[in-house]
Amino acid sequence: MPKYKLTIEYDGTPYAGWQKQTDRPSVQSEIEAALLKFCGIKTEITGAGRTDAGVHAIAQVAHIDLPKEYDPFRIMQGVNFYLFATEENRIAIIKAEVAADDFHARFSAQKRHYLYRIINRRSRLALEANRAWQIVEPLDADAMHQAAQLLVGHHDFTSFRDSECQAKSPVKTLEKLAVERRGSELWITASSRSFLHHQVRIMVGTLSLVGKGKWQPDDVTKALAARDRKEGGPTAPPEGLYLTGVGY
């Protein structure tokens with residue numbers, strides 16, 4: 001069966017995450033429903049990562065096997081037609097392309113990139129509601145970036161791992177964690193081959209304590225060395241997190 005690679009963007013606000021749920025709408029189930037209408041055969045879509053409820057994607061990657069060959073542009077247009085037939089839709093296929101037979105969206109991935117947006121202002125969010133985490137206290141972005149560098153590298157990230165994480169090992173290699181102020185916004189970018197459950201959000205929550213002056217950078221080192229979730233910072237809310245790309 002021909003295989004295709006899809007690049008997908010979505011607003012995660014109305015969904016229970018990427019993965020199919022029995023009682024709530026998910027990104028995966030919505031796309032599969034549109035695929036069924038497009039090609040007339042039930043088709044499973046496999047994503048590069050299982051984003052949580054409320055998390056967004058600028059460039060999620062997935063693969064599908066279809067019963068016959070299609071022009072990739074027709075797949076993109078056809079699936080989007082059925083997706084946008086519902087007023088509540090917040091998902092779009094932004095690119096479709098032919099994939100090699102051995103391509104696997106999840107297992108072929110070499111790197112995953114995330115962005116976390118914090119809006120650091122006192123007035124409430126209007127246009128950016130559900131698109132970023134608002135923190136009203138002044139944040140020291142330079143101190144946060146300094147602390148972030150202490151997490152870069154090959155470490156046991158137990159302190160930054162959700163208690164329900166199913167990964168076999170807490171050891172990961174974090175290739176990038178950077179904090180940059182852009183006006184009233186802070187952009188925190190993270191790159192790794194793979195992440196633990198809630199790892200990015202817990203790292204962001206921890207760095208927010210540094211930004212507020214409640215923690216010093218050395219406290220981040222101590223939390224990492226403790227290998228105990230109770231010693232890490234809070235889990236930042238999902239609405240600020242975006243999957244921005246997957247490298248192969």
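Me: What is the relative accessible area of Asn130?
Reply: Asn130 has a relative accessible area of 42%, so Asn130 is partly exposed. The scale, taken with a 1.4 Å probe over protein chains only, calls a residue buried under 20% relative accessible area, exposed over 50%, and partly exposed in between. Before we go on, please note that this is a predicted model: local features need pLDDT of at least 70, side-chain atom pairs count only at pLDDT 80 or more, and totals for chains, interfaces and linings use all residues. Residues are numbered from 1 along each chain as its sequence is written, and side-chain values use heavy atoms, with hydrogens and water left out.

Me: Where does Asn130 lie, and what is its phi?
Reply: Asn130 sits in the loop between β5 (111-119) and β6 (133-134). Its phi is near 65°, a positive value in a residue other than glycine.

Me: Does His198 count as buried or exposed?
Reply: His198 counts as buried, because its relative accessibility is 18%. Find His198 in the loop between β9 (185-192) and α4 (199-211). His198 also has a positive phi, about 70°, although it is not a glycine. For another positive phi, look at Arg227, which follows α5 and has a value near 50°.

Me: Let's turn to helices. Which residues of α3 are buried?
Reply: Start with the general idea. An α-helix has 3.6 residues a turn, so residues three or four places apart point the same way. Now the case here: α3 (residues 141-149) has Ala141, Ala143, Met144, Ala147 and Ala148 buried. Seen down the axis of α3, these buried residues fall within an arc of 160°, so they line one face of the helix. The arc is that of the directions from the helix axis to the C-beta atoms.

Me: What do the buried residues of α3 pack against?
Reply: Their partners are β5, β8 (171-182), β9, α4 and α5 (217-226). Contact here means heavy atoms within 4.5 Å.

Me: Which residues of α5 are buried?
Reply: In α5 they are Pro217, Val220, Ala223 and Leu224. Down the axis of α5, the buried residues fall within an arc of 110°, so they too line one face of the helix. The face turned away from that buried side carries Asp218, Lys222 and Ala225, which are exposed. The buried residues of α5 pack against α3, β7 (153-156) and α4.

Me: Which residue caps the N-terminal end of α3?
Reply: Asp140 does, with a side-chain oxygen 3.1 Å from the backbone nitrogen of Asp142. In α2 (residues 72-83), the N-terminal cap is Asp71, whose side-chain oxygen lies 3.1 Å from the backbone nitrogen of Phe73. Helix α2 has 12 residues and reaches 16 Å from its first C-alpha to its last, close to the 16 Å expected at 1.5 Å a residue. That expected span is 1.5 Å times one less than the number of residues.

Me: Which side chains make polar contacts with the side chain of Asp11?
Reply: A polar contact is a pair of N or O atoms within 3.5 Å; within protein, one must be able to donate a hydrogen and the other to accept it, and residues adjacent in sequence count only if both atoms are side-chain atoms. The side chain of Asp11 makes one with the side chain of Thr13 at 2.6 Å, and one with that of Arg131 at 3.2 Å. Asp11 lies in the loop between β1 and α1, and is buried, with a relative accessible area of 12%.

Me: What is the volume of the largest pocket?
Reply: Rolling a probe the size of a water molecule over the atoms shows where empty space is left. On a 1 Å grid over the protein atoms alone, a cavity is a set of points where a 1.4 Å probe fits but cannot get out; a pocket is an open set with protein on both sides within 12 Å along at least five of seven lines, and lining residues have an atom within 4 Å of a point. Grid points are joined across faces, edges and corners, and a volume is the space filled by probe spheres set on the points. Here the largest pocket has a volume of about 1,200 Å³. Of its 38 lining residues, the closest to its centre are Gly49, Arg50, Arg106, Phe195 and His197. The elements giving two or more residues to the lining are β2 (46-47), β5 and α4, and α4 gives the most, with three residues.

Terms used
Helix = DSSP H or I, 4+ residues; strand = E, 2+ residues; numbered from the N terminus.
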